[in-house]
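Hi there,

Here is the structure I promised to pass on.

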Amino acid sequence: MPVAIVTGAGTGVGQAAAEALLGVGYQVALAGRRIEPLEQVAARWRERVLVQSTDVGDEVQVKALFEATIAQFGRLDLLFNNAGAGAPPVPLEDLPLTQWQAVVNTNLTGTFLCTREAFRVMKSQDPPGGRIINNGSISAHVPRPNSAPYTATKHAVTGLTRSTILDGRSVGITCGQIDIGNAETPMTQRMKKGVLQPDGSTKVEPVMDVRHVADAVLYMAGLSPDANVPFLTVMANGMPFIGRG
């Protein structure tokens, strides 16, 4: 059975993706800061699941995650870099450095640390190779108002995705990025109440079922090693991204 690591697997997109992978026969290491949601996800697939409390911005904890995965499952075929964090939507000049650093540490440094460990494992295993999928977000393309930390890190993830594609080419490691817009999760409940728009107005935005994201992850994960989708966008139809909004 193929083996995957999913970060931020306790809720939302990570949970949906992890359950979809388990549903098609993967063994999955569920990683996240809070152990209780991970345990709830794992309950149905106990024999094919590893639960590991992990702060992806912590180098020691990331190494422990990968070591535990290899110890239990023997190899790694897929990494879904999904864990992410945002900062309160305040004017840029009022944003504390600590909040900026916290977002960078999770969204960018965490993606790098997990990617680095995946490279080490995937290059050395027999047979070598594997696939990495990064959660980029619509914010990897355009910002929302008062979102400098999140938007900056997601733009940076795009650069990391491109470098990972290039650096993994010679060793059988592929990488793609999924850019998600308004999937219905606990993080997007505010969309139904109205969110700030660039023109200063507040508008309700459409959301989509998170299963569409999980289906897209399954598609990317199921590609044979000779194919790759570098970038894929899946978004709620009608959200203010294409056009003037």
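Below is what I found on going through it.

Please keep in mind that this is a predicted model.

The largest nonpolar core holds 38 residues, and Val28, Leu30 and Ile178 have the most contacts inside it. Helix α1 (residues 12-23) supplies the largest share of this core, with seven residues. There is also a second, separate core of 24 residues, and Leu50, Leu76, Val121 and Cys175 are among its members.

Leu30 is worth a click. Leaving aside residues up to four places away in sequence, Leu30 touches Val6, Ala9, Ala18, Leu38, Val41, Ala42, Val49, Leu50, Val51 and Gln52.

Next, strand β1 (residues 3-7). Five of its five residues are buried, with Val3, Ile5 and Thr7 covered on one side and Ala4 and Val6 on the other. Strand β2 (residues 27-32) runs parallel to β1, and five bridges join the two.

Finally, a helix pair. The axes of α3 (residues 59-73) and α4 (residues 97-124) come within 10 Å and cross at roughly 35°, and the crossing is right-handed. On the α3 side, the contact is made by Glu59, Val62, Lys63, Phe66 and Ile70, while α4 brings Leu113, Cys114, Arg116, Glu117, Ala118, Arg120 and Val121. Seven of these contact residues are nonpolar and five are charged, with no polar ones.

Key
Residues numbered from 1 in each chain as written. Predicted model: local features only at pLDDT ≥ 70, side-chain atom pairs only at ≥ 80, totals over all residues. Heavy atoms only, no water. Core = buried A, V, L, I, M, F, W, Y, C linked by side-chain atoms within 4.5 Å. Buried < 20%, exposed > 50% of the residue type's maximum accessible area, 1.4 Å probe, protein only. Helix = DSSP H or I, 4+ residues; strand = E, 2+ residues; numbered from the N terminus. Contact = heavy atoms within 4.5 Å. Axes fitted to C-alpha atoms, helices over the stretch in contact; angles between N-to-C directions. Left-handed = near helix turned anticlockwise from the far one by under 90°. Nonpolar A, V, L, I, M, F, W, Y, C, P; charged D, E, K, R; others polar. Pairing = 2+ DSSP bridges.
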